[in-house]
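This report walks through a few local features of the structure shown below, for a reader who is meeting it for the first time.

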Amino acid sequence: MTDVRQRTSPLEWEYAPAPEARDIVKFQERYGLFIGGELVEPRSKEWFPTISPATEEQLAEVALAGAEDVDAAVGAARNAFENGWSTLRPAERAKYLYRIARLLQERSRELAVAESLNGGKPIKESRDVDVPLAAAHFFYYAGWADKLEYAFPNRRPAPLGVAGQIIPWNFPLLMLAWKIAPALAAGNTVVLKPAETTPLTALIFADVCRQAELPAGVVNIITGDGSTGAHLVRHRGLDKIAFTGSTEVGKAIQRELAGTGTRLTLELGGKAANIVFDDCALDQAIEGIVNGIYFNQGHVCCAGSRLLVQEPIAELLIAKLKRRLETLRLGDPLDKNTDIGAINSRAQLERIRELVASGEEEGAEIYQPPCVLPEKGYWFAPTVFTNVAQSYRIAQEEIFGPVLSVLTFRTPDEAIEKANNTAYGLSAGVWTEKGSRILCMAQRLRAGVVWANTFNRFDPASPFGGYKESGFGREGGRHGLEPYLRFEE
Amino acid sequence: MAREQEMAASATRLDSMAAASTLPTPSFPGGFELPLAFRLPRIGSVDAVALEARAAELAKRSIKKDSKLAALELAVRMMDLTTLEGADTPGKVSALCSKAIRPDPVDRTVPSVAAVCVYPNLVAGAKARLAGSGVKVASVATAFPSGQTSTALKVAEVREVVVLGADEVDMVIDRGAFLSGRYSKVYDEICQVKEACGEAHLKVILETGELGTYDNVRRASLLAMAAGADFVKTSTGKVSPAATLPVTLCMLEAVRDVHDETGRVVGMKPAGGIRTAKQAIQYLCVLHETLGTQWMTPDLFRFGASSLLNDVLMQIRKQKTGVYQSLDYFTSD
Amino acid sequence: MSRLPVRKTYKLFVGGTFPRSESGRTYEAEGQNVAHASRKDVRDAVVAARKAFAGWAGTAAYNRGQVLYRLAEMMEARADNLAAVCSGRDEVDAAVDRVVWYAGWADKLAQVLGSSNPVSGPYFNFTVPEPTGVVAILAPDEPALGGLVSRLAPALVGGNAVVAVASETHPLAAIELAEAIATSDVPAGVVNILTGFRAELGPILAGHMDVNAIDVTGAGDDTADLERAAAANVKRVARGSADSQSPWEIASFLEMKTVWHPVGQ
């Protein structure tokens, strides 16, 4: 057999840098708080810088909302709720949401670039996933605004009032859409707190609200850190809290709201099992595994971070997976060819490093493809751990980074046992060609979302949320309206 | 051979492709061979949605400037410039050959194409016209495009085109046999054609547009490679859909699996439906991501096309001059 | 001369059996000595519920409906006994009717609460309700029978396993109900009923890491503390009423599971 290298004169094939134009987005030097329809100076008088995690350059300065600011925002939202929004004809409410959806589409490139700059995610993801899905969420819920009684027959649905919403840094604009779209469609007004490290697309969204001529105070956006979120949660003028973030903070919020009657939905962490059977469509499973854990640098609560491979194909699959990782391109988030962008923050990078070190210490075998990490900014190479035992920290704790732990199993029962052996229950994946096995696994997996022969798909029509310590309540679909309504049955 | 026997034989042969290299022949009396190892190439299956999603993602790869020019020139060198019309004449083929040798008379740095692909009748003329140019003559054969004739006639046709000077033979598989599960018929025929080819390179056309599923495309690719194909090729160009990005990805994955397991190096030729330079670059991206730079040579990848060449030439000139071009400035053949 | 009646000993109902409290203690309520369940009885009840959960959740909806209907039959047959330990026959009749009403929901829930979701892409996507797991119920003090049945039936019909704490002041109806349950086809461990002091048992259940949801309808002043403790494992908290009847009560103890699959040839 001729060796391929002797027969050919290979071409050096390099993707040239293909950066998305950055000048499409112009950040202000400083952003105030969006309260009552305008950007206002924070009463706290405090500001903090927000940076690009890829370069550590400062992009803008944003206000750090204190207790008084939170109070002002809640007041503005209450005022808007009572003086207009809750009595507006639902069909009119719908039209505002349609307007927002259209504006998001029109400004999609700007928003995508801003998202990648501020959050570090590859432009191909912000452009093809985050922003279009955010617009789709508004479009989807717009249609529900005047059809609520069909969604909940015999229940006489009515809005709750003012919702406080706290979102994470992994999908800043998309999580904003998941929160705001159903809340507004149901007739509520909101006070939204973006994550500390990723406030900028929410502030552009404030401008979208202005362009949509949304009544003042219907959407209020207060930037800040954990203390701002705590002020919001402790504010007793809210009818509802919706939180997406860590399980630890989720529990603290649940404790804080105990006995207050404030409605709560929590979308928390996960440690999803991605189960691959020996009869799967192998090359597509590889793609699903890669998409499951390296999408958005693994900053995904439903990431397929525990790969469970059936033993007969483990060796083959791991070899294929490692080779596939070599083709992943890590670098400038604004480059259209980039697959892996920057880690969102120094703190997150340190957490990933710490957990990866623990994996090596505990005896797992680490693999990282050759890849050069940029000198500035926060980066972590895509990582696979093999020989992982269920008891290792990397198999138990949410890493929230591009780190995959590979475990093996022999029978479907063992796969289920291992997959469900976690405090979490957000998502799971199954790869097999056998239809009845898919349905059986889907039934037995204790997780809110089961992806069969696919992974990490999202849609506004599809309910999303967890079992067990991954939270409660659903976002998306008809089910996503319910947490924002009360019923006068 | 009775139908049942044939099917059993074909099943065994196909399955044993996976295991033949390592499995011992069973030693107990009355035993039969079973594929027991989880090895490549697995016959396996292909998930259509995920395959198409991956191809779509790769199609968004962006290459610019220097890389683009190199890619376009590579595309020219990989091209099987094709004419397969009932109305083809020696004159038409002769003109095509000139174009093949020197695609852009204005810009002599543009390389020649890989081959000219014609019907058997036109092989001798093309061979003469291309003598000494380095451009190869490929002939379609085996009752192209339908393949609906006897194996004996197909083999005779192949012998003839080789005698006439074809460097490469593009055969079609017997889709009728394949789709009715008579895999051994397909396999045996490819084996016989390969033998008849002698030194000539054999490209096996699967006609993926008639196979219906990616599972079938993968199965047929493995079958063709196992039977000795030097290249696997998507389409005749006479059936729609012809080459698509996902079908090409599917076949490249089969090529990769065969190479992983057996070390055998097989080429790939998407043909039909590739009309623009942009598409050609997308195919090269898929090739690069699936098999790497080692496969990025005309020895192992070809484009079967007719109208693609001029679009590539226009884009090359545009890259060099920065000015958008018109087809009026490029000869039609 | 009149006959001396044989008295009933009021015990716990755990794992399909009627044990005395592990503590050996009783307390007096409604003129009877009633088992005073301890921390370890809670532990045993949760273990029994967890063990029974998978089987009950996996029982076909149609069968679950029939089992609940059978429970209604058993209650009807004991109507006099039940009437004697609650406010009377009306309460019993209403409780039986409520069980029948919920029994009919077993094989309709998924149709009313689930959905198939038109996602934009080649995927089939559907959402189905599934039981939450082990549900702790703190029954309201009154109505003694109706309150417990109103909270118990929706949790059961959805496929959950239950550990219920009976009315503290009127626990006899719960034990009588347990006897009806024991003689119906409800599998052992699917319903466990404890009697004792809510202030002792509630916090243990609320903080228990193997309890998935807690119904605090009967918790009274302890509600806030229990809800705080429930955060330990992100329990679902249901705050219902002692007399409601609605499919949405069932939904309080359900999880929505969404499944995606590509649609391709």
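## Backbone with positive phi

Lys468(A) is found in the loop of chain A that runs between β18 (449-452) and β19 (471-472). The structure is a predicted model, and in it the phi of Lys468(A) is near 45°, a positive value in a residue other than glycine. Most residues other than glycine have a negative phi.

A positive phi also occurs at Glu30(C), where the angle is near 50° and the residue is again other than glycine. Glu30(C) sits in the loop between β1 (26-29) and β2 (32-35) of chain C, and because its relative accessibility is 33%, Glu30(C) counts as partly exposed.

## Cis peptide bonds

Most peptide bonds are trans. In chain B, however, the bond from Phe144(B) to Pro145(B) is cis, with omega near 0°, and Pro145(B) has its place in the loop between β3 and α6 of that chain. In chain C, the bond from Glu142(C) to Pro143(C) is cis as well, with omega near -5°, and Pro143(C) belongs to the loop between β5 (134-138) and α6 (144-157) of chain C.

## Aromatic pairs

Over all chains, the count of aromatic pairs comes to 24. One of them joins Phe152(A) and Phe487(A), whose ring centres are 5.1 Å apart and whose planes meet at 55°, so the pair is tilted. Because Phe152(A) lies in the loop between α6 (148-151) and β6 (157-159) of chain A, and Phe487(A) in strand β20 (residues 485-487) of chain A, the pair ties together parts that are 335 residues apart in sequence. Both Phe152(A) and Phe487(A) are buried.

In chain B, Tyr119(B) and Phe144(B) form an edge-to-face pair, with 5.8 Å from centre to centre and 75° between the planes. This pair links distant parts of the chain, 25 residues apart, with Tyr119(B) in the loop between β2 (115-118) and α5 (123-130) and Phe144(B) in the loop between β3 (136-141) and α6 (151-164). In chain A, ring pairs link Trp178(A), Trp451(A), Phe455(A), Phe458(A) and Phe464(A) into a cluster.

## Where chain B meets chain C

The contact between these chains takes five residues from chain B and six residues from chain C. Together, chain B and chain C bury about 420 Å², 62% of it on carbon and sulfur atoms. On the side of chain B that touches chain C, the residues divide into two nonpolar, two polar and one charged.

Key. Residues are numbered from 1 along each chain as its sequence is written. Chains are lettered from A and ligands numbered from 1 in the order in which they are written. This is a predicted model: local features need pLDDT of at least 70, side-chain atom pairs count only at pLDDT 80 or more; totals for chains, interfaces and linings use all residues. Side-chain values use heavy atoms; hydrogens and water are left out. Contact means heavy atoms within 4.5 Å. Buried area is the accessible area (1.4 Å probe) that two parts lose on being put together, summed over both. Ala, Val, Leu, Ile, Met, Phe, Trp, Tyr, Cys and Pro count as nonpolar, Asp, Glu, Lys and Arg as charged, and the others, Gly among them, as polar. Rings of Phe, Tyr and Trp (its six-membered ring) pair if their centres lie within 6.5 Å; planes under 30 degrees apart count as stacked, over 60 as edge-to-face and the rest as tilted. Helices (H or I, at least four residues) and strands (E, at least two) are DSSP runs, numbered from the N terminus. Buried means under 20% relative accessible area, exposed over 50%, partly exposed in between (1.4 Å probe, protein chains only).
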